Amino acid sequence: MEIKGAVAVVTGANRGIGLTFTRALLDRGAAKVYAGVRNPDAEVREPGVRTLHLDVTDSAQITAAAATASDATIVINNAGIQAGPGLLEGSLEGARRGLEVNYLGTWAVSRAFAPVLASNGGGALVNRLSVASWRVNNRWPSYAASKAAEWSLTNARRAGLRRQGTLVVGVHVGPVDTEATAGADVPKVAAAEVAAQTMDAIGRGEPEVLVDEVSHRVRAALSGPVELLEPAP
């Protein structure tokens, strides 16, 4: 679909990848971007941007956001958190919070905006996933589990929204160079690259984006032995 002239909603849009998505949409000619932010004080001051108070775990805010952004033709589910205990110790409250945001929050926003997209010609629904959707993560097992659930939801949503003409895009990537990964000594992808490849996929009508080499490699490993999905010792 055409990004030029489109109206987009981006959740978690006040920083990091979300802010980069917002700027990329505007650079590609989007007419307007609703920047969803959880903190009402985190206003996004960019020409062509309207800040939208949107906590993806709050059903009333989601309903209000869908009513406000009733002209949306692109929705990018970017909001997410990395939380939770270790595999064998620690409270499960962080894991529950991760599922609330990454999985159920994405589900709720997608459900609320599906009829909006349908009424505006179909449009596109984008879920920012992760290579963690497929690969074991010893440090953040609950994050990986929430992303695996979100991937399954993305596939279900793709089938469910096909009839109304909505393109559903899953974006997979390894570590991205943001504040959240500042302390990680690993190769990282620039947020601008994630946004650029996502914009290209929307424009070409492609349902899946594998941003980096690790995403391509791990995606291919899904057909192999389960040991290939384990992290290096």
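Predicted model: local features only at pLDDT ≥ 70, side-chain atom pairs only at ≥ 80, totals over all residues.
Seven strands form an open sheet in the order 3-2-1-4-5-6-7, and their pairing is parallel. I then looked up the edges: strand 3 (49–53) and strand 7 (208–210) hold these places, each pairing on one side only. On average, neighbouring strands of this sheet are turned by 15 degrees against each other, direction ignored.

Next I examined the pairing of strand 3. Five bridges join strand 3 to strand 2 (residues 32–37) in the parallel sense. For Ala-35, I found the bridge partner in strand 3 to be Thr-51.

I turned to helix 1, which spans residues 16–27. Helix 1 lies across strand 1 (7–10), strand 2, strand 3, strand 4 (74–77) and strand 5 (124–128).

My last entry concerns Tyr-143, which I located in helix 4 (residues 141–161). Is Tyr-143 buried or exposed? Its relative accessibility is 13%, and the cut-off for buried is under 20%, so Tyr-143 counts as buried. I then listed the contacts of Tyr-143, leaving aside its neighbours within four places in sequence: they are Ile-81, Gln-82, Ala-83, Asn-102, Ser-130 and Ala-132. Finally, I checked Tyr-143 against Pro-175: the two are 32 residues apart in sequence, and their C-alpha atoms are 13 Å apart in space.

Conventions:
Residues numbered from 1 in each chain as written. Heavy atoms only, no water. Helix = DSSP H or I, 4+ residues; strand = E, 2+ residues; numbered from the N terminus. Buried < 20%, exposed > 50% of the residue type's maximum accessible area, 1.4 Å probe, protein only. Contact = heavy atoms within 4.5 Å. Pairing = 2+ DSSP bridges. Axes fitted to C-alpha atoms, helices over the stretch in contact; angles between N-to-C directions.
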